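Trainee: Please take a close look at the aromatic rings here. Which contacts do they make?

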Amino acid sequence: MDSQGQTTSMQRLQNVEKRIIRVLELAGGVMDELSNSTGPRKELINNHCLEFMQLIKDIQVALREEIKGACDYRPYEKCDYSSRIANEICCKKLECVLSQLDEMRQTVNEYHGAV
Amino acid sequence: MDENIEVSLDKLPIKRLEAIEENGAERFPPDVDYNEKRLSLIRKIDFAWAVEKDDEKKKQKKSSKESLTPLKWQTMVENLQLAHQELSVIIDLINTVEANDAVTVAGMTWPKPLPNEVLSDLAVSAATKLQCFRHLGKYFKQSAKALEQQVAREARFYGALIRLQQNWKVKRQRMAAASAPGNEGFTIDLFDNSLHDPAAIVRPSSLSTIRVDHDAAGMLAINLPSNLCHSLQFGFIGSQSGDDSRESSKKFYSSGEHHLRESEKESLSDEECVKKTHSLLREVHQAIFDEQVFDLVNREAFNTSLGFSVTGIRQNYLQLSLGQGTSVFLSLVSSGQDDQTVDGEGAQNVDDAILPLDSLDGVMLPDEKQDTLKKWGFPNHLSCEIYLQQIFHEHVLGRGNEKPISTGGRLSGHPVKDGSGLLEHFCMSLAHRIFSNKVLMVVENVVSKVPYLQLISHPTWHSRRSSWTLVVKVPQSILHARCESHISAIHNEKNSIKSHFRTKVVVNDDCINVEGEGVSNVIGLLKGKSEESHSMHSCNCDLADLSMIILQQVASQVIGWLFEEALMVGIKANRDFLRLSVELEQRETLSLVAHVDPEDSQGCISWWLVMEDSFAEERKLMDVTDAASDYRKFLGTFIFGCVVFNADGLGQLVRWRRPINVV
């Protein structure tokens, strides 16, 4: 996990998908090159094929690591919904107190204004 | 065919055909010479002659014919013969075929390909292969583009889903393909399965499982009808409960909705989309909790009947009576509409925001707020609602894995152990609040009338207990500074003159307890003994007697202090409950008498100076109705500015100044 730096698992899988797209593009490019009316250029095809193989290898490596690293799916043992409700109640308390403080301040201002 | 048909007739030729040959040539009789015509005409008369002539003619013609036609006939006959031969061959062949079924082809010779044909075949096959490659290449590129778009769409969806998964439980069901295309079967589960008390929850709400959909752009979306969510609402019946706070909180949600409706959906960034979904899930989660609370309240309301009674019930509405004419209601309000029976007020009502928790040190209330008991009597309905939710959450619904943490002993002292008496506790808390508001009103009334009295509120962190302290601030004694130098530190505590006296008022449920310091109670003083100044005495009283008792305490505290001062300067003084007597020469007694009247609008404690001679000892202490007597002098309500003891004199001279504020 450390070798991947700060990328998340989601980002790594995103990269795998991008590589697959790139692989498809390379295949299309090779086909286009082969269908060239003046004959295919060897270097171009070589480069494409090399890149293709490299990408396939990268994809395999990444997927293998992700599969190894995926944790078992456990049903939710620790549910934080009750503390979430407690949090919501605290939010409501806060709003209530804020509104009352505002009213108090208004009262004070009126008092000072009257004086 | 509208035209008229025209028929043209040709005259038939007079000449008649003589013969028609096999090849179709028509032979007309040769033209007769003119001479022969004449001859023939002439000879017509002699028919025999004509007949002979005809025969001769015929013979001549036949001979001429026979000399011309053999050539034409010959070629024709030869052609016919050849054709006949070929036809006979073919007929033989057909007969043979009919006779024998099997006929083998001996061989067929393909026409030999020409060299340009070979090359063109090669070129065509090569071109076809290249075309295939091109198709393939195009197909790959198109697939790559389509995959890119789909990956982008799914990245948005799954990115949002992962962010939601940090806070909510996301579950997946592999649904059959018959469902809506593109639906991967994700649901968000809002049901809390970690509660230890399954009896508390009878019916899991239908809102517990929320389906995750895609919107038009493929982004995560949740479709929920807005009036499915209910929120809890609590209120006092008959009070103008300010709906401003509720409206403001509702405005919070509705303004968010409004904002979203104004902007186009496509321009919503992913962030905003996730936030909107998250707040929607929060609403639903709270709605589920509110429904559970309402359910529990209903169950408890019909099980126990202490401290309250059910007076009304409708769908999603429960009305309780707390006694003494106070009625409250609890209802589930759909978030889309407002189920208020109270007229909403436009301006903010400051009177409703009353909390006896904070310190109100020295704040004098304007007089116009003391007339409406109703406005003062009811605590803030919003805070009651929150309190109800809190106690149910902590004791029943939110127990989960850990015990509720009682911070600051907030929950200590509750009689509730297993959540069965929660509603009862809540109703008793409400009753206490209302009662303590009344107590506070009485106390504040007293405090506002007496200028040297101050009120301090104390938070008790208990919902059924309130406490206040009344402080009498006495000015520092003049002699105190002088005497201080003579008093050592060890005797400081014993001889220290207090600068203020306290009276504590504690309300427990609906029981008032008054505790005063430095004051002897009525019974002790009437016995004639002088008590110590630092003792504390307490008594219970009713609301009606509270102001009287407080005023008496305060007055006696002042008298007590004056007594101490008098003793300090060495004046011979006596002290009764509300009266301080100083002996002058000639056996005269000067008395300072306090008169206590809670309903006095000028001031509750008024002071009188009474001169008595030794002959009038029998006069009653409380006989203050005769204001016109020479022996009495009304000093007003403010005492500390007008009595000053002479520093030198040991009771010889009593000097007083005019009171500053004479009523």
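**Aromatic contacts**

Searching the whole structure gives nine aromatic pairs over all chains. Rings of Phe, Tyr and Trp (its six-membered ring) pair if their centres lie within 6.5 Å; planes under 30 degrees apart are stacked, over 60 edge-to-face, the rest tilted. Take B:Tyr158 and B:Phe186: the ring centres are 6.0 Å apart and the planes stand at 80°, so this pair is edge-to-face. The pair links distant parts of the chain, 28 residues apart. B:Tyr158 belongs to helix α4 (residues 115-165) of chain B, B:Phe186 to strand β4 (residues 186-189) of chain B. Helices (H or I, at least four residues) and strands (E, at least two) are DSSP runs, numbered from the N terminus.

This is a predicted model: local features need pLDDT of at least 70, side-chain atom pairs pLDDT 80 or more, while totals for chains, interfaces and linings use all residues. Residues are numbered from 1 along each chain as its sequence is written, chains are lettered from A and ligands numbered from 1 in the order written, and side-chain values use heavy atoms, without hydrogens and water.

B:Tyr158 is partly exposed, at 23% relative accessible area. B:Phe186 is buried, at 8%. Buried means under 20%, exposed over 50%, partly exposed in between (1.4 Å probe, protein chains only).

Elsewhere, ring pairs join B:Phe234, B:Phe236, B:Tyr387 and B:Phe426 into a cluster.

Charges also meet rings. A:Arg84 lies over the face of B:Trp168, 4.4 Å from the ring centre. B:Arg314 has its charged end over the ring of B:Tyr317, 4.1 Å from the centre. The criterion: NZ of Lys or CZ of Arg within 6 Å of the ring centre and within 35 degrees of the ring normal.
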